[in-house]
Amino acid sequence: MKLKSLFKKHHILYIAFFVFVATILSVSTTSAVVDLFNIWGKMLYVLCSIVIAAIVACFMAFGVEETMSKHRGSIKNSLLVILIEMAFTLLSFFVCKADNLVFLTPAIFVCALLAILYGYKMAYVAAVCNVMIACYMSSAENLVFAPIVLAICLMVSRMITSTNERSTLSMMGVAGAIVSFAVSASVLFVFSDNRLGDWVSVLTTSGYMAINCFVSVMLIVGILPLFEKLSGVLTEFRAQELMNQNTPLMKRLISEAPGTYHHSVMVSNLAEAASDAVGANTSLVRVAAMYHDIGKLKRPQYFVENQGGVNPHDQLDPFESRDILFSHVSEGIDMARKYKLPMDVIEIIKSHHGDSTTTYFYYKALQDQYRGDNITENDFRYGFPRPVTKEAVIVMLADCVEAAVRAMTDKTAETLSNRIDDIINGKVNDNQLSEADISIKELSIIGRKFKDVVGGYYHQRAEYIKPAAQLSTANE
Ligand SMILES: [Fe+2]
Ligand SMILES: [Fe+2]
């Protein structure tokens, strides 16, 4: 437990640094006495790459990124990173043998892919590992390629995470190629002799680097959907696409359950403001908030926001009503899987009501009494997992706040503020946030943000003052 909290406080960066230094020292010492091209040397390569891949996987498991969701740190994703790193090591074995071809190392592609899937910090770690692997695999006497490749890996990782539109990637590929050529040429010229043959070699090698950068970014465009599916991670690109009103699910929500669509937009706005304030993954929060109630599409008229005065629950037993209400979560999960929404989003759909009580139907059942006295609150609790991540908590609270505020008739600043406090305290007292990675301070920041947004929607307007001429005619 202590180790986990140590990692959580980001001491992992220091720990990782010492692990890397230890790895470099041990491998360098061993490689000095082992012939790298005999069978033991090759086994050493493989062992080193496994150790390095495992270190990268540790970053996944314990979470380097503050906004890393539970799913990104899952065993499945750690294994995926190990596989990517192993594939990289294998490719490097073939590519890095020739002096010039080492500039075609797939390190840039791997770093760009990891940056998009797991954040740029993760890619920085991978960049160091991959350049180390490339150095070991290289038969070049001069390791000047190492700082060049490392610099370009870092540049591409940062650059590629600064956009959320796939269409801009090709432009980034071109820009990255130009910068790569310039960086390589300027460094290599410093180390070259002033001979024509050397200059030609410098330009050819820099050309390889530029091609490598461009092809790596272009490959990302083609291969990313496959990795999005394999990892289940919501990338910035996918988030942007899912927020579009033209996705099949959004179209259905707008036409079949317009009330739920409007509710989801409001929840998304509330959640986004809170997410920014507490450093959560805002893209994930926005998308999850938009899709949290898609399960209502099956029977939209049974949910208050889609009812035009006729409430079908009036004709139903409270237990039947409860079952319909509960089913919107499981149906939402099924629908999200059918429409291939990312696992990060599905986790939030699953926990957006936690195991809270449907109080309205619970009290209705108590009033009806026709089932005897055996009714307990547990009969009316959603049986779903409680939120674990900060993102899931924000969506749960924003959902409750939106529904409660919409139902209020008195919307003065004070009543709105009190109601929001009551909702957050109610969730805490009902233990709905007991498993979540969130502090009291963060909850109070979230509450404050909700009040700001809700206050903006329902602020009291100053009464319109009629011009004097109109007042006089009105009085006549
Ligand atoms: Fe819901
Ligand atoms: Fe909702």
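Helices (H or I, at least four residues) and strands (E, at least two) are DSSP runs, numbered from the N terminus. With that in hand, here is a quick tour of a predicted model, in which local features need pLDDT of at least 70, side-chain atom pairs count only at pLDDT 80 or more, and totals for chains, interfaces and linings use all residues. Residues are numbered from 1 along each chain as its sequence is written, while chains are lettered from A and ligands numbered from 1 in the order in which they are written.

**Confidence**
- The protein chain has a mean pLDDT (the predictor's confidence in each residue, from 0 to 100) of 81, and 77% of its residues reach 70 or more.
- Residues 63–68 stay under 50, and the model gives them 16 contacts beyond four places in sequence; a contact means C-beta atoms, placed from the backbone, within 7 Å.
- Residues 469–476 are also below 50, with one contact beyond near neighbours in sequence.

**Helices α5 and α6**
- Helix α5 (residues 120–137) packs against helix α6 (residues 145–160) at about 160°, with the axes 9 Å apart; axes are lines fitted to C-alpha atoms, for helices over the stretch in contact, and angles run from 0 to 180 degrees between N-to-C directions.
- That makes α5 and α6 roughly antiparallel (over 145 degrees; under 35 is roughly parallel, 65 to 115 roughly perpendicular and the rest oblique).
- Among the residues in the contact are Y120, A123 and Y124 of α5, and A146, V149 and L150 of α6.
- By class, this contact has 12 nonpolar residues, two polar and one charged (Ala, Val, Leu, Ile, Met, Phe, Trp, Tyr, Cys and Pro are nonpolar, Asp, Glu, Lys and Arg charged, and the others, Gly among them, polar).

**Helices α11 and α12**
- Helix α11 (residues 258–278) and helix α12 (residues 282–291) also pack at about 160°, their axes 8 Å apart.
- So α11 and α12 are roughly antiparallel to each other too.
- Their contact includes S264 and V267 of α11, along with T282 and V285 of α12.
- It divides into five nonpolar, four polar and three charged residues.

**Two positive phi values**
- Most residues other than glycine have a negative phi.
- K340, not a glycine, has a positive phi of about 55°, and sits in the loop between α13 (318–338) and α14 (343–351).
- K340 is exposed, with 10 other C-beta atoms within 10 Å (12 or fewer is exposed, 20 or more buried, and in between partly exposed; C-beta atoms are placed from the backbone).
- N431 has a positive phi near 60°, in the loop between α17 (413–429) and α18 (440–458).
- N431 is exposed, with 12 such atoms within 10 Å.

Technical notes
Contact = placed C-beta atoms within 7 Å.
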